[in-house]
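Biologist: Can you walk me through this one? I'm new to reading models.

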Amino acid sequence: MISSASPPRLPRAIWMLGFVSLLMDVSSELIHSLLPVFLVTTLGANMVTLGLIEGAAEATALIVKVFSGVLSDYWGKRKPLAVMGYGLGALSKPLFALATGAGMVLGARLIDRVGKGIRGAPRDALVADIAPPEVRGAAFGLRQSLDTVGAFLGPLLAIGLMLLWANDFRAVFAVAILPAFLAVALLVVGVREPDRPAPSCAGQPLRRENLRQLSRAYWWVVGIGALFTLARFSEAFLVVRVLDGGLPVAFTPLVLVGMNVVYALAAYPFGTLSDRVNHARLLALGLIVLIAADLVLASSTHLLALAAGIALWGLHMGMTQGLLARMVADSAPAVLRGTAFGLFNLVSGLTMLLASVLAGLLWETQGAAWTFVAAAVIAALALLTIPLRLRHISVPS
């Protein structure tokens with residue numbers, strides 16, 4: 001049944017955290033929407049190198065989250081770690097404009113992703129700390145939606161600057177510095193961390209007796225999240241895919257614009273919906289959409305078909321990412337939320353690295369189509385496991 005009671009309003013700090021994410025994503029996606037093409041066309045990298053860079057970068061971010069999450073629980077503070085992470089991300093931006101080889105790009109990506117890893121789990125735990133339980137799904141959905149607005153504004157800005165400056169990648173990358181530092185400033189002045197009760201766990205959160213407080217339901221969510229990540233490699237491969245359809249280099253950021261417009265439009269409504277309906281059904285529907293996206297991207301190089309596949313990919317993200325975050329928050333004790341998000345992202349990081357490296361190898365040896373077919377097969381296998389894995393997870397009915 002869907003409740004008709006009016007939920008409370010979202011706190012101001014949730015909106016501020018959303019706008020912080022928006023600004024940082026404008027900065028990051030301004031660079032990342034062009035980076036795969038910069039690597040392949042300017043620096044001469046192959047698809048295996050691209051897969052390694054993207055997989056290592058994203059895995060690093062997700063793995064670092066476990067340590068920052070644990071530290072935020074042990075320390076009892078979330079905001080200082082979030083500020084540190086956003087600050088490190090901002091400091092990495094000038095390095096992309098200076099890069100002269102794939103190794104320098106890898107170094108810049110790793111620094112940037114370490115910053116993302118440091119801020120990620122404390123920020124998500126801070127959202128859960130601030131938001132009342134009855135609107136927690138909406139809070140995660142709103143933050144993700146605003147984050148994703150930045151993720152399509154960044155590529156739009158990249159397109160305009162590439163056209164204005166005759167495909168000068170380095171000049172465009174330099175512009176990304178400003179919104180990154182604005183994000184740090186907004187977080188410092190615009191978000192107040194609520195007082196939290198003294199931790200009930202003894203010692204540091206990764207001690208065995210403390211980890212026993214993480215329920216069976218939580219570990220099922222971790223497993224489901226890993227399957228989702230294994231079925232979905234880095235979006236960098238989507239950017240390169242449109243080159244097969246003949247899209248000019250200056251317009252390749254449209255890939256992430258299109259994906260993130262759909263993602264942003266879907267994240268908040270589906271986040272709100274997750275407060276009221278069965279989670280298993282939403283997860284299963286999200287996987288079906290991902291399978292459809294992969295099959296469309298595998299079967300055609302026509303630009304309209306590729307655009308449809310990219311839109312479906314974004315819809316899948318909007319349906320599932322906030323939902324998984326809400327499920328982690330719901331299944332973990334409040335004093336271990338940072339640790340719980342960190343461990344969840346550790347597992348997701350390892351599977352993201354594996355998925356991206358395998359995607360690069362498949363692309364080089366079998367072609368782009370088989371890369372997306374393999375992803376569809378993995379997503380289908382994940383879909384078959386959802387009823388079994390969610391049997392022990394308490395979800396709204």
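Biologist: At what angle do helix H14 and helix H15 pack?

Modeller: H14 (residues 303-331) and H15 (residues 337-366) pack at about 135 degrees, and their axes lie 9 Å apart. Helices here are DSSP runs of H or I with at least four residues, numbered from the N terminus. Axes are lines fitted to C-alpha atoms over the stretch in contact, and angles run from 0 to 180 degrees between N-to-C directions. This is a predicted model: local features need pLDDT of at least 70, side-chain atom pairs count only at pLDDT 80 or more, and totals for chains, interfaces and linings use all residues. Residues are numbered from 1 along each chain as its sequence is written, and side-chain values use heavy atoms, with hydrogens and water left out.

Biologist: What do you call H14 and H15 relative to each other?

Modeller: Oblique. Angles under 35 degrees count as roughly parallel, over 145 as roughly antiparallel, 65 to 115 as roughly perpendicular, and the rest as oblique.

Biologist: Which residues meet there, between H14 and H15?

Modeller: Leu324, Ala325, Val328 and Ala329 come from H14, and they meet Arg337, Ala340, Phe341 and Phe344 of H15. Contact means heavy atoms within 4.5 Å. Seven residues of this contact are nonpolar, none is polar and one is charged. Nonpolar covers Ala, Val, Leu, Ile, Met, Phe, Trp, Tyr, Cys and Pro; charged covers Asp, Glu, Lys and Arg; the others, Gly among them, are polar.

Biologist: Take Ala340. Buried or exposed?

Modeller: Ala340 is buried, at 0% relative accessibility. Buried means under 20% relative accessible area, exposed over 50%, and partly exposed in between (1.4 Å probe, protein chains only).

Biologist: And what does Ala340 touch?

Modeller: Leu214, Tyr218, Val328 and Ala332, not counting residues up to four places away in sequence.

Biologist: New topic. How many residues are in the largest nonpolar core?

Modeller: That core has 110 residues. Such a core is a set of buried Ala, Val, Leu, Ile, Met, Phe, Trp, Tyr and Cys residues joined through side-chain atoms within 4.5 Å. Those with the most contacts inside the core include Phe173, Tyr218 and Trp313. Beyond neighbours within four places in sequence, Phe173 contacts residues including Leu30, Phe38 and Phe96.

Biologist: Last one. Where is Ala166?

Modeller: Ala166 sits in the loop between helix H6 (136-164) and helix H7 (169-175). Ala166 has a positive phi of about 55 degrees, though it is not a glycine. Most residues other than glycine have a negative phi. Ala166 is exposed, with a relative accessible area of 65%.

Technical notes
Helices (H or I, at least four residues) and strands (E, at least two) are DSSP runs, numbered from the N terminus.
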